[in-house]
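Keep the structure in view while reading.

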Amino acid sequence: MENKDYDYLIVGAGLFGATFAYLAHKQGKKCLVIDKRAHTGGNIYCEDIEGINVHKYGAHIFHTANKDVWDFVNSIVPFNRYTNSPVAIAPNGKLYNLPFNMNTFYQMWDVKTPAEAIEKLDEQRKEAVENMRSAGITEPRNLEEQALSLIGRDIYEQLIKGYTEKQWGRPCSELPAFIIRRLPVRMTFDNNYFNDSYQGIPIGGYNRLINGLLNGIEVRTDTDFFGDRNKWENIAEKIVFTGKIDEFYDYRFGKLEYRTVRFETETLNQSNYQGNAVINYTSAEIPFTRIIEHKHFETFGNAIYDNPKTVISREYSTEWTDGMEPFYPVNDDKNQAIYEQYHKLAEKETKVIFGGRLAEYKYYDMAPIIEQVINLF
């Protein structure tokens with residue numbers, strides 16, 4: 001049997017590919033990582049603008065309840081203490097804390113105790129359920145009905161409806177209920193978005209994490225697997241593929257659909273634009289979904305004012321078309337049926353390992369990606 005140049009060809013230098021390369025390299029395997037972009041890191045890549053690590057493809061906050069995963073990433077680069085506490089500007093012009101907690105309920109209804117908040121929530125939920133029953137509806141059929149039955153009309157209309165419809169490009173009445181089935185509601189004054197024990201950002205940005213994972217491994221950027229597929233398929237014993245699974249199979253069952261995000265990034269001659277890393281804009285009248293102020297991910301307290309400039313990114317959610325970066329799988333019945341056909345082909349592969357958001361047509365946070373790769377080894 002012909003000896004190959006590499007043990008693994010890893011297609012995609014994002015978090016799945018870089019973690020796989022790191023662990024395989026530690027086992028003495030010879031790896032080649034290729035990526036069609038001009039940089040490594042996939043969607044967690046950061047660009048240095050005015051000394052600020054700008055999350056080029058949107059905000060990424062690492063969080064996990066798995067101590068092994070947390071210890072693993074911190075062995076590559078130390079993480080800071082960043083806590084994700086987003087704020088929303090609602091159609092009524094007021095600011096609200098997220099996720100929904102006692103601060104939110106105080107801001108919405110002027111209630112000051114958990115008992116008062118529960119009473120108000122129950123009143124609004126009861127109204128929603130009774131309206132559904134009078135219309136002959138026994139179970140929520142869509143996101144709108146699900147949200148109303150979980151949280152009531154006030155919060156739905158001010159904080160959920162407009163944002164969700166911008167994010168998905170469809171009315172809430174046409175979106176599946178499961179998207180919002182586990183809506184977090186807290187009866188404490190706690191603005192920490194995640195429940196996980198460990199949370200933070202790599203000190204110095206995500207590029208330090210990726211560079212650490214890929215240290216000592218051959219990497220070629222600006223290199224498209226599909227530009228010379230025959231060459232790449234014969235260069236290694238096995239392929240780790242993290243790209244779009246439908247593209248790998250030449251779209252034989254049709255193209256999978258995605259939502260994507262467009263960013264307008266701006267450098268401002270001021271130290272502090274909005275006072276928070278993430279502010280959502282929930283009004284349908286405002287075209288962007290949120291503004292990210294990147295310096296707040298790594299700079300805290302009055303140190304914000306040490307840099308006289310700041311960088312903000314407005315995020316616009318839109319339908320994906322060819323040539324755009326695919327971000328979020330549209331996991332409706334139609335697309336899932338298409339994906340299952342590709343998945344059946346992938347299961348029969350002996351030479352190819354499929355992994356990650358695009359190869360598995362599934363939205364992943366960062367920690368589960370790393371945990372998945374660790375489990376492979």
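Two strands pair if DSSP finds at least two bridges between them. By that rule, strand E6 (residues 87-89) and strand E12 (residues 278-281) are a pair, because three bridges join them. The two run in the parallel sense. The model described here is a predicted one.

**The chain as a whole**

The protein chain holds 11 helices and 16 strands. Its radius of gyration is 23 Å, close to the 21 Å that the globule rule gives for 377 residues, so the chain is as compact as a globular protein of that length. The C-alpha trace spans about 70 × 55 × 35 Å along its principal axes. Of the 377 residues, 51% count as buried. Among contacts with a separation of 6 or more, 72% are between residues 24 or more positions apart.

E6 and E12 belong to an open sheet of seven strands, whose order is E7-E6-E12-E13-E14-E11-E15. The pairing in this sheet is mixed. Strands E7 (95-97) and E15 (328-329) stand at the edges with a single partner strand each, so one side of each has no neighbour in the sheet. Helix H6 (residues 153-168) packs on this sheet and touches E6, E7, strand E11 (258-268), E12, strand E13 (290-293), strand E14 (310-319) and E15. The direction of H6 makes about 75° with that of E14.

Another open sheet has five strands in the order E9-E2-E1-E10-E16, and its pairing is parallel. Its edge strands are E9 (218-220) and E16 (352-354), each pairing on one side only. From one strand to the next, the twist averages 20°. Within this sheet, E1 and E2 run parallel and are joined by four bridges. Leu-9 has Leu-32 as its bridge partner in E2.

**Nonpolar cores**

In soluble globular proteins, nonpolar side chains tend to be buried together. Which residues touch the most other members of the largest nonpolar core? They are Leu-15, Phe-62, Leu-209, Leu-213 and Phe-297, in a core of 45 residues. Strand E1 (6-11), helix H1 (15-26), strand E2 (31-34), helix H2 (67-76), helix H7 (206-213) and helix H11 (366-376) each supply at least two residues of this core. H1 gives the largest share, eight residues. Leaving aside neighbours within four places in sequence, Leu-15 is in contact with Ile-44, Leu-209, Ile-210, Leu-213, Met-366, Ile-369 and Ile-370. Apart from this core lies another, of 27 residues, among them Phe-225, Trp-232, Ile-245 and Phe-354.

In H7, the buried residues are Tyr-206, Leu-209, Ile-210 and Leu-213. These residues cover an arc of only 90° around the axis, which puts them on the same side of H7. An α-helix has 3.6 residues a turn, so residues three or four places apart point the same way.

Helix H5 (residues 143-151) is largely enclosed by the rest of the structure, because seven of its nine residues are buried. The buried residues are Leu-143, Glu-145, Gln-146, Ala-147, Leu-148, Ser-149 and Ile-151. They pack against helix H4 (114-134) and H6.

**Two single residues**

Ile-291 is found in strand E13. Is Ile-291 buried or exposed? Its relative accessibility is 2%, so Ile-291 counts as buried. Not counting residues up to four places away in sequence, Ile-291 touches Tyr-273, Gln-274, Ala-277, Val-278, Ile-279, Tyr-281, Ile-312, Ser-313 and Arg-314.

Arg-229 has its place in helix H8 (residues 229-233). With residues up to four places away in sequence again left out, Arg-229 touches Glu-247, Phe-248 and Asp-250. The table gives one pair for each of these two residues.

| Pair | Apart in sequence | Apart in space, C-alpha to C-alpha |
|---|---|---|
| Ile-291 and Ile-279 | 12 residues | 5.5 Å |
| Arg-229 and Phe-248 | 19 residues | 9.8 Å |

Technical notes. Residues numbered from 1 in each chain as written. Predicted model: local features only at pLDDT ≥ 70, side-chain atom pairs only at ≥ 80, totals over all residues. Heavy atoms only, no water. Contact = heavy atoms within 4.5 Å. Axes fitted to C-alpha atoms, helices over the stretch in contact; angles between N-to-C directions. Core = buried A, V, L, I, M, F, W, Y, C linked by side-chain atoms within 4.5 Å. Buried < 20%, exposed > 50% of the residue type's maximum accessible area, 1.4 Å probe, protein only. Arc of directions from axis to C-beta. Rg over C-alpha atoms; globule rule 2.2 N^0.38 Å.
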